[in-house]
Amino acid sequence: MINAIVKNCLWLLALAAVLVGCSPREPIRIGFIGGVSGRVADLGISGRNGAALAIEMRNKAGGVNGRMVELIVEDDVQDEEVAKQAVARLIDRKVEAIIGPMTSAMAMACVPRANEAQMLMVSPTVSTTELSGRDDYFLRVISPTSEYAHKIADYQYTTQGLRRIAVAYDLRNKAYSASWLADYRAAFAAHGGEVVMTEPYLSGDDTDFARMAETLLRSQSDAVLVIANSVDTAMLAQQLRKRDAAIRIATSEWAATERLTELGGKAVEGMTIAQFLDRDSQAPAYQAFRKAYVERFALEPGFGGVTAFDAANVVLDALAAKKEGQPLKQAILERRVFAGVQSEIRFDAAGDARRETYMTTIRNGTFVRLP
Amino acid sequence: MSRSIRFWLSLGLSTLVALAVVSVILILLGVLVPRLNRDVEHQNLMLSRVAATQIDHFLTDFSSQLDNLENDIASRPTLSEAQLQTMVDTVAHANKGLEALYVLDADDRVIEVGLPKEGRSRRENLLGIDFSARVFARASRQVGRKVWSDTYLSARGNIVVALALPLNIPLRKAGETAIDGVLVGELNLEEVSRFAGLLSTADDVLTVILDRRGNVVGHPDAVRALRQENFRNLELLQGEVDSPASGYFELDAMQYLGSTTPIAETGWTALVGQPTDKAFAIVRSTLVSLAAGSAFALLLAVISALIASRSMMRKVGEFAAHMEAVAGGNYHAGIPHSGIDEIESLAQHMRSMAGAVLEREARLRESETNFRMLVESVPQGIALLDERERFVLANAAFTRLFGHSAGDVPDLEAWWPLVCADRERSTRAIADWQAQIDGEHATAGADQIRIRRPDGQCRDLEVTAQRLPDKRLLATFSDITERRQNEVRQQRAASVFSHAREGIMITEADGTIVEVNEAFSRITGYTYEEAIGQNPRIIKSGFQDADFYRSMWESLIQSGYWYGELWNRNKSGELFAALTDITAVYDAAGKVQNYVALFSDITQMKEYQRQLEHVAHYDSLTGLPNRVLLADRLRQSMVLSMRRGLSLAVLYLDLDGFKPVNDRYGHDVGDKLLQTVAQRMKDVLREGDTISRIGGDEFVAVLVDLEHEPDCLPVLERLLHAASMPLPVNGHTIEVSASIGVTFYPQDKGDADLLMRHADQAMYHAKQEGKNRYYVFDVVQDEATLRQKELVDGIRGALARDEFVLYYQPKVDMRTGTVIGAEALIRWQHPERGLLPPSAFLPMIEKHAVSVEIGEWVIDAALSQLGVWRDLGLDIPVSVNIGARQLLGGTFRDRLLALLAAHPEVPHDRLELEILETSALEDLTQVSELMYACLDLGVSFALDDFGTGYASLTYLKRLPAAVLKIDQSFVRGMLDDPNDLAIVQGVVGLAEAFGRRVIAEGVETVEHGSRLLDLGCVLVQGYGIARPMPAAEFPAWVARWKPDRAWSAAS
């Protein structure tokens, strides 16, 4: 009889063990790093949203080979030290790859650490030429700065007939802005134009845009070019147009977010920008993505949202396709071509990608493609 | 199926209990659990409503502040811009949550912005910016009431929400109506989150505020709002959100029960969630305990059924076994309870019999134990020996004492050799002792018996023995080792006491001296007999005050110890220093019994120390503090004056004419002079001031506690007077004086060394200005000099690194369409600041020699460029600007000649020098001579900026300039301002009259050119022709340029 009781107890224990074994499998972790607060938050937030949307959609469709995917978001606050620590935390948490960072200065700080840990970083928006052509663990889904700089220099000289340009650029993201400026200067000079003044500054709450605007206008240049985030670009444009309603303004693709038009109002009307996002695109993939994004966040995705969505999908596709024991980077470079929502993303052997670029301007508060 | 009775009995009982338990569980599950679930959900919905109401209050509070402001502004008849700014600033600063408060005009432009105090420095950034793209601001104007925004990225770079309300602004000029404006208050999300946090303080409630888009406005973790996280994808928020709803959702990998409630006017939503594991904790624990209780009841039922059936079968057999045990002598064997009367009674009789036997045995054992305890408890070893002196028993103390057991040997005779340390002496003592033993006690001498234990330790023994009536021997052994050691230790202590080098004094608790040693008598002079019975006051010197003794007694009472230096007086009245050490000695009750004081005489040592300190800190000649002590005092005074809010002055004094005195009369007289002057100066200082000699004839004084700088003037006058008084030394009368440099702290911010250096600099100034005076260091000038020096260094560096470049602006003849020359203009290609115009660096160094270096660089660079252009086939004159300093520097002609000589390929007449009119003002004769000398070299002159000074006509007559340049300010204004036009006409007329050429600067438009042609001025330069350009572009420009048709038509 006692034996019978003992036998029953053993049976119960076995049942419990089976139940525990059925608990869901560990999710796949993917990291995101970007400036999701402060002056560059629009780019960081749209990037985070784009990556999150890609993962939510993938999970709804059953995950990657049956496993759910979890996104771990880190804020770099645009501070090199904070960014390094954030990357170290993501490495500690054993993420498969990191989407980000969103700005070049942060990339310059993080990439050495990622390389050291052989941690794949796929950046949606970093475009400094300083990271071009390196065979390392840093990949990106857009073209380097030279593309945009050439495009805009060409447009300004040939179409707009501009010859003398004054430039304001943000040293807080020097890796990007200096690279952009150097490319632009060379491109514009090649046409015969001249950068007559450069006005570097450190972006922050105490930046004196009024004084900057006065200095830039004093150069009596034909136009002002701003290489900065959207908030600074809008604020500087406000100050420039306040003093000279007709001054021509151009900016780099970094500022080309929807917040630029919100913050700039009438002051950014007619501003020219070279960028890779075609907001009028009728491509079915883009239309479907935009609909999903707007339903999910009630906001336009902007270029940060598009490229982060693409970057996340590159990582997710590669994770699904990679063979047992194969490094993720190799899986990406082996496949090389990935579908993006607007155009194909083609990686070269160093992990840099090419995309179409377009000249745009702002008309009635929206970006309009120029012929 | 055949089974035992036991099996059927167990099965029946178990089934009965199981059925009962299952019925109870079913009833509970059917009724209780659904009810508990409903309660929890209802509770959650209530929480959400409460939260929504409170958030609504919070926002209403915020908006009512803006309402008040709006009323305030709208109710005023008129309002100045300054008043409006003050009003919005006040509200913005008072409300912690407000990031910024914008006032928009009818075109949605910011006409004023209110900021918290710390953000106001950048107000300019926000003024005038355009809000038209902000939907909520527009909406507020259209609907004519308050509108809350969703979260957005603000102009200051933060994620915020805002409230907009229509505002009538009475800012107006005469005849205008009030402005139809909007007031926008941007609310800090940290503040909203802090409030959400307050609502979430209960640990299992999460309160989140969401905007219309599902973005987080407030969350206990503010970061989630500041990062604009979006919760729109939560299941609970999928449907309509304009009425309260409850449901389940997952967030951060946690399952929640939550409810949403719309927040009145804002259109936002309050979401209150409770983790389901916490919310349903009670339901779950109820279920778990129900299941556990049932399982336990079932288990108990099965076990008790088994046991009951078994025990019935066992009872009879057990009683038989009991009988068997008692029979075998086991009186303790328990009686098995059978529950059967007959068997029970039989067992009771057995029990009483066994009990009686047990009781008797126990009494016997107790008596034995008592005696054993008595013997074992005494500290002495006890042994009982029989008449043949064999051990019968020995207690444990005996074994402990000897380290051997009595059982180890047959008798006492064998015992002693085993244990004795000193066989011979002990044997004798033992023999004596044994001889004494009879009926009485016999004791053996304490000193004589020493034993050695097996562990090597030796002990001294005292042995006592008694012969009992039955001839047996009872012996006790006591260990007296410790007693003997104490005696020896006491003797040694007494010897140390009397021979110590330190004086020792022992007193009663009340201070009466009871013991002193020889050293005491030697140091104090009091003999033993004189000291005993006295109080230590007999050596008190009175040097230490009452406070000193109070703290000494405190230390003695608290810690029983005091250590320190005392100045005492010996019997003959001389002072001596004693390094003293006092210890309190306590009795067993902890009361002070004695004080023991030890002291050594350190008088000699103190004297050496004092001498050393004096040498280190005082000047040996004058006895004044030296540099080291001064620096120390100055630092202390700086700290003190900061604390008191007063100033101090540092004076650097140097005697004028001291060296000749030394040379003429010798060093002895010089030293005497220094001593006397030092003493006089010291005498005229105030209390608290310090003067020190820091070397040679240099002194530094520190004057403290100055309320205003002039407070020190009387002291300065007295010092000058004291230094300059005639001085009879060895029959001569010598006179010197002092030069004094003064600087004030904290007006002069610096450390002690810097203050002394500044005072030193000021002293040199005083010397230069004629000695016997003081000079106050000029802090402002010092800083200006430093800044200019930086700029000059920068420019010298730039010259060395070749960072300057020349830009050239063409001069043209409008009539012929020819380029008649170029003006070279300097630019600084600054590595950090970009391309700088001359106005950014030249005005600051106008009076500095480096301006001449730059001027020469310009001439040299222009000459080089002339050479390059000539090689390219472009042969036009180039003009450079010359400043007054360069022109009148004395060597201008020679330098110019050298520069021209260095460029032999350039004809001299290609260089034109433009003299700024103001620069030539001072000495016209000299300027004129110089110009003629330069004309001889072949170069020509132009008068720049002509018309702006006062003496144009005089210049024109006396200076041989070939060209007059009309200043650009007149040319620019000539189209609108008749005065400017008149001046231009006048200058053209003058030039014609004096036969000079005239050129107009600042021609910006075609119209300017046409008008100048009308007036007869054909030579021009200005932006309307071309901006200054790099030299490389110039030839191409010359080839390209054509005059405007309008000009050719006019000519």
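Which strands form an open sheet with antiparallel pairing in chain A, and in what order?

1. **The sheet in chain A.** Three strands make up this open sheet, in the order β11-β12-β13, and the pairing is antiparallel. Strands are DSSP runs of E with at least two residues, helices are runs of H or I with at least four, and both are numbered from the N terminus. Two strands pair if DSSP finds at least two bridges between them. β11 (337–338) and β13 (353–354) of chain A are the edge strands; each has a single partner, so one side of each lacks a neighbour in the sheet. Strand β12 (residues 345–347) of chain A joins β13(A) through two antiparallel bridges. There, A:R346 stands opposite A:R354 in β13(A).

2. **Basis of the model.** This is a predicted model: local features need pLDDT of at least 70, side-chain atom pairs count only at pLDDT 80 or more, and totals for chains, interfaces and linings use all residues. Residues are numbered from 1 along each chain as its sequence is written, chains are lettered from A and ligands numbered from 1 in the order in which they are written, and side-chain values use heavy atoms, with hydrogens and water left out.

3. **The five-stranded sheet in chain B.** This sheet is also open, with antiparallel pairing and the order β8-β7-β11-β10-β9. β8 (216–218) and β9 (245–251) of chain B stand at its edges, each with a single partner strand, so one side of each has no neighbour in the sheet. On average, neighbouring strands are turned by 40° against each other, direction ignored. Axes here are lines fitted to C-alpha atoms, for helices over the stretch in contact; angles run from 0 to 180 degrees between N-to-C directions.

4. β9(B) pairs with strand β10 (residues 254–263) of chain B over seven antiparallel bridges. B:G247 faces B:G258 in β10(B). B:Y248 stands opposite B:L257 in β10(B). The two strands form a hairpin with two residues between them. In the turn, B:D252 has a positive phi of about 50°.

5. **A helix across the sheet.** Helix α5 (residues 189–199) of chain B lies across β7 (206–210) and β8 of chain B. The helix runs at about 70° to β8(B).

6. **The interface of chains A and B.** How many residues of chain B are in contact with chain A? The count is 40, and they meet 46 residues of chain A. Contact means heavy atoms within 4.5 Å. The two chains bury about 3500 Å² between them, 48% of it on carbon and sulfur atoms. Buried area is the accessible area (1.4 Å probe) that two parts lose on being put together, summed over both. In chain B, B:N125, B:L153 and B:R227 lose the most area to chain A, together 19% of what that side buries.

7. **Salt bridges.** A salt bridge is a side-chain nitrogen of Lys or Arg within 4 Å of a carboxyl oxygen of Asp or Glu. The whole structure has 68 of them over all chains. Six cross the interface of chain B and chain A. B:R122 forms a salt bridge with A:D208, with the closest N and O atoms 3.9 Å apart. Within chain B, B:E607 forms one with B:R610, at 3.4 Å between the closest N and O atoms. These two residues are three apart in helix α17 (residues 603–617) of chain B, so about one helical turn separates them.
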